[in-house]
Amino acid sequence: MLAACGPREQAAAPAAAPAAPAVITGETVRWRLASTFPRALDTIWGAAEVFAKAVSDATGGKFQVSTHPAGEIVPAMGVFDAAQTGAIEAAHTATYFFFGKDDALALANGGISFGLNGRQMTSWFFEGGGLALSRELLDTFNLVNFACGNTGVQMGGWFRREIRTPADLQGLRFRAGGFAGRVLERIGMVPLAMPAGEIYQALERGTVDGAEFVGPYDDEKLGFHRVAPFYYYPGFWEAGTQLDLLVNKTAFNALSPEYKAIVNQAATLAHTTMLARYDALNPAALKRLVAGGTRLMPFPRAVMDTAFRAAHTLYEELNATNPRWKKLYDHQIAFRRDQVLWHGLAEASFDSYMQLQGRNNRL
Ligand code: PYR
């Protein structure tokens, strides 16, 4: 029996636990899941496969989810609408890509600049009240959302020339994920949205001057280092981007309580697997990139400060104009304040001590 006791909030639990161990004898169910990401990215696309396998394993193959990379049955950025209308049962994507529908969608997946990091976002979502708030928002789009991956703090991306001051960013055409564009345009950049599979060509052809996707492992696969030598960090606009499983509400409600619990648990497995995979794969990729000539650079402090101010001015404007944004923002920002306090103590002091040991070749 598969107990319906996963992370406590992610899906509605069955009303009562069964009295005796039971074998799941549910109906045969077939879902189609379309991803925003290409198959080559086994990290971020991989979450769809982890999810589908876990669902199949838990139901003895009775609940099958066929997984489709970007463009196979739905274009990369068409997956939200396709799940909303029921053209497919599920999408694997990130809600911040769809901020054009409502800026609040950027808060639902932790996709705002200077937001929560990956661990803090998972805490907000599962234990801090984020699940209920984001479910309320996604419900208005006829979708049920599940946390289904996190990238951790991303890299700031690839540039053809050095960035010394905020002035060097003026007019730079830059591919950035989702809501980041709202802030980058405020600091003089020209943000361009495009799915992962289109970035390399845009960089190579000069349609964009620079680009970011996630971090070393994905970026190496996408080949950005072949076109732009300067690799900046940190990606202050993506501190803990959460990936989402978005399920059509009618399709979800048609499931038995057991199958609902299985969807919940499978999404949670995919969620934890993604960040573990990124953390396991990124260091070796980073070493390969640097050995191949990539120039690793921190963003100058003045760039970070300029962006921080611009982001918070934007947030205040949205607070004044969009009540759905404000409801999530106030909650998430109060949570951020406490998280920064707590993480600054144990986590940051331990990390900085260990980094000192690393820099002195003692690890
Ligand atoms: C991006 O598209 O930039 C992500 O981080 C997923």
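Helices (H or I, at least four residues) and strands (E, at least two) are DSSP runs, numbered from the N terminus. This is a predicted model, in which local features need pLDDT of at least 70 and side-chain atom pairs count only at pLDDT 80 or more, while totals for chains, interfaces and linings use all residues. Residues are numbered from 1 along each chain as its sequence is written, and side-chain values use heavy atoms, with hydrogens and water left out.

**Phe213**

Begin by selecting Phe213, which sits in the loop between β8 (210-211) and α8 (216-222). UniProt, in an unreviewed entry, places the feature "binding site" at Phe213; such annotations may be inferred rather than shown by experiment. With a relative accessible area of 4%, Phe213 is buried (under 20% relative accessible area, with exposed meaning over 50% and partly exposed in between; 1.4 Å probe, protein chains only). If you leave aside its neighbours within four places in sequence, the residues in contact with Phe213 (heavy atoms within 4.5 Å) include Phe37, Leu41, Ile44, Gln154, Arg175, Asp218, Phe224 and Glu238.

**The ligand**

Select the ligand next, and display the residues that surround it (a heavy atom within 4 Å): Ile44, Tyr96, Phe97, Gln154, Arg175, Gly177, Glu212, Phe213, Val214 and Glu238. An N or O atom in the side chain of Tyr96 is 3.1 Å from an oxygen atom of the ligand, a polar side-chain atom of Glu212 lies 3.2 Å from a ligand oxygen, and a backbone N or O atom of Phe213 lies 3.2 Å from an oxygen atom of the ligand. Taken alone, the ligand exposes 220 Å², and the protein buries 100% of that (Shrake-Rupley method, 1.4 Å probe).

**Helix α1 and what follows**

Just after α1, inspect Gly60, which takes a positive phi of about 55°.

From there, select Thr59 together with Ile262: the two are 203 residues apart along the chain, yet their C-alpha atoms are separated by 8.2 Å. Ile262 lies in helix α10 and, at 2% relative accessibility, counts as buried.

Helix α5 (residues 130-139) is the next stop; seven of its 10 residues are buried, so it is largely enclosed by the rest of the structure. The buried residues of α5 are Gly130, Leu131, Leu133, Ser134, Arg135, Leu137 and Leu138, and their cover includes α2 (79-85), α3 (105-108), α4 (118-127), β4, β10 and α12 (323-359).

A polar atom of the Ser134 side chain lies 3.1 Å from the backbone oxygen of Leu131, and, neighbours within four places in sequence aside, Ser134 is in contact with Ala108, Phe125 and Asn145.

Finish at Gln332 in helix α12, a residue that is buried with a relative accessible area of 1%. Setting aside neighbours within four places in sequence, Gln332 is in contact with Leu107, Gly110, Ile112, Leu116, Met121 and Trp124.

Methods
A polar contact is a pair of N or O atoms within 3.5 Å; within protein, one must be able to donate a hydrogen and the other to accept it, and residues adjacent in sequence count only if both atoms are side-chain atoms.
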